[in-house]
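Have the sequence and the 3D view open as you read.

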Amino acid sequence: MAHKRKAEDDAPPSVPPPTKQRVSSVASFSYPSLSSSPAKIPPFQRPAQLLTFSYNAEHVLEFNDSAMRYFVEPPRGADLGFRYDKWIKRPEERGRLDGLLTAWSKFKKSLRPSDSSCSTVSVPNINVMTWRGIMTKILVAPYDEMDGWELNVMLVNGTFYLEEHLSNAKLKDKDAMTPRNRLQSYYGYAFESYCTSSQPGGRESRASDLQDAPGWGGDVNTNVQWCSVVKTKLGDRRIVIGGEVDCVRDSYCGSTDNFVELKTSLSIRNASDEARFEKKLLKFYFQSFLLGVPEIMVGFRKPNGQLTTVQSFRTVEIPRLVRGKPGKWDPSICLEWGDRFLTFLQNTVQSSSGREVWRVTFEPKVGVAAEMLSDVEVVDVVNGEERVGFLPRWYWDEVSV
């Protein structure tokens, strides 16, 4: 968690406030063509898991699998609005990399032998480090017609760190969901509860007042998460990605082979519903593809939140399901765009000290632009916390030596 600095820890009064303005030059690159597949598709390496960690009920990071859940078949007809009033919803917060950086730091230290007589295993050079959600935003951008996004980017010792830029105003907007949108958001979490157990193939013991909801796996607390950190490559760039894993099927063997992603969607009633669902599959696909999750379980529901059917999709087979359909999309276009995006960062983002922060902005149907932030704007990114740019101070001290 980010820690606020005390007022007396800020710059002393004798130091004038930063006045440097934003760098005027803006670099950009344009939207890709969607009419044909690229001539050359950059290779994507199968993700290899490095380690896992959990967030407990207070959202404190623990290096264990206490938050891991096992998949169980949910009951058809389940009420996805059940126990909505008991939902513990984690407040929206800035998209910091702290948990991922803590895990990466631990992994690097695990490569150092305890016996000083043994040779140290070299830490692989990583070109990009970010959360799965950010890489998903980047890769699906060619087909995103509505939602723009902004990233904060730092380049430190050859590694690009990417975090989503969320101002305090944006966070307030995200927290201020309409009652209808809030309930629909809850449906997805409730589906996860019906689909998971803390025991393989088992069910939680429940109080008598919950017996009217067969299969309920426990009240929703979005502070609790189980996360996986993987290493992969897009083109010739090594990438470390962290992301939440919903559950595993049958057993957990230390790899991503049994991971299951859980999703909900409105029941398909006609051709337009089917086309909308096929478009949604693009994001479903890359969310799982990037983390090495082989299976996506989709719960289809009525508008009132009643679960109707459940369907399993093999992640690798999804692109073939939409080929030639009204909602078609081409993953090769996304991968080629992602590779060009990272090349753009490599050619654009300059950093003499490692402390500079760049803002990368995506505008649907237009493209991407990047510019370095002024000192004043970096202060806003730091947000009064113990940070260098958006990196936690302890991590900066660790990697800048």
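**Charged pairs and what surrounds them**

Start with Glu-164 and Lys-137: they form a salt bridge, with the closest N and O atoms 3.8 Å apart. Here a salt bridge is a side-chain nitrogen of Lys or Arg within 4 Å of a carboxyl oxygen of Asp or Glu. Glu-164 is in strand β7 and Lys-137 in helix α2 (residues 132–140), so this pair ties together parts that are 27 residues apart in sequence. Helices (H or I, at least four residues) and strands (E, at least two) are DSSP runs, numbered from the N terminus. Lys-137 is partly exposed, at 30% relative accessible area. For the cut-offs, buried is under 20% relative accessible area, exposed is over 50%, and partly exposed is in between (1.4 Å probe, protein chains only).

A word on the ground rules: this is a predicted model, in which local features need pLDDT of at least 70 and side-chain atom pairs count only at pLDDT 80 or more, while totals for chains, interfaces and linings use all residues. Residues are numbered from 1 along each chain as its sequence is written, and side-chain values use heavy atoms, with hydrogens and water left out.

Back to helix α2, which is mostly covered, with 7 of its 9 residues buried. Those buried residues are Arg-132, Ile-134, Met-135, Thr-136, Ile-138, Leu-139 and Val-140.

Strand β7 also takes part in another charged pair. The side chains of Glu-163 and Arg-96 meet in a salt bridge at 3.2 Å, N to O. This pair links distant parts of the chain, 67 residues apart: Glu-163 is in strand β7 (residues 159–164) and Arg-96 in the loop between β4 and α1. Glu-163 is buried, with a relative accessible area of 2%, and Arg-96 is buried too, at 11%. Arg-340 counts as partly exposed at 30% relative accessibility. Elsewhere, salt bridges that share partners join Arg-96, Asp-98, Glu-163, Glu-385 and Arg-387 into one network. The structure holds 23 salt bridges.

Now for the greasy parts. A nonpolar core here is a set of buried Ala, Val, Leu, Ile, Met, Phe, Trp, Tyr and Cys residues joined through side-chain atoms within 4.5 Å. The largest one has 57 residues, of which Ile-138, Phe-286, Phe-341 and Leu-345 touch the most other members. Helix α5 (residues 271–291) gives the most to this core, with 9 residues. Leaving aside neighbours within four places in sequence, Phe-341 is in contact (heavy atoms within 4.5 Å) with Phe-29, Ile-138, Trp-149, Leu-151, Val-360 and Val-368. Apart from this core lies another, of 31 residues, including Leu-97, Ala-103, Trp-104 and Val-378.

Next, the aromatic rings. Rings of Phe, Tyr and Trp (its six-membered ring) pair if their centres lie within 6.5 Å; planes under 30 degrees apart count as stacked, over 60 as edge-to-face and the rest as tilted. By this rule there are 30 aromatic pairs. Trp-149 and Phe-362 have ring centres 5.1 Å apart and planes at 25 degrees, so the pair is stacked. It links distant parts of the chain, with Trp-149 in strand β6 (residues 149–156) and Phe-362 in strand β15 (residues 358–363), 213 residues apart. Trp-149 is buried at 5% relative accessibility, and Phe-362 is buried at 2%. By contrast, the rings of Tyr-194 and Trp-216 have centres 5.0 Å apart and planes at 75 degrees, so that pair is edge-to-face. Phe-29, Tyr-31, Trp-149, Trp-337, Phe-341, Phe-344 and Phe-362 form one aromatic cluster.

Pro-47 is buried, with a relative accessible area of 9%. Pro-47 and Ile-241 are 194 residues apart in sequence and 9.0 Å apart in space, C-alpha to C-alpha.

Finally, zoom out. The protein has 9 helices and 18 strands, and 50% of its 401 residues count as buried. Among contacts between residues at least 6 apart in sequence, 75% join residues at least 24 apart.
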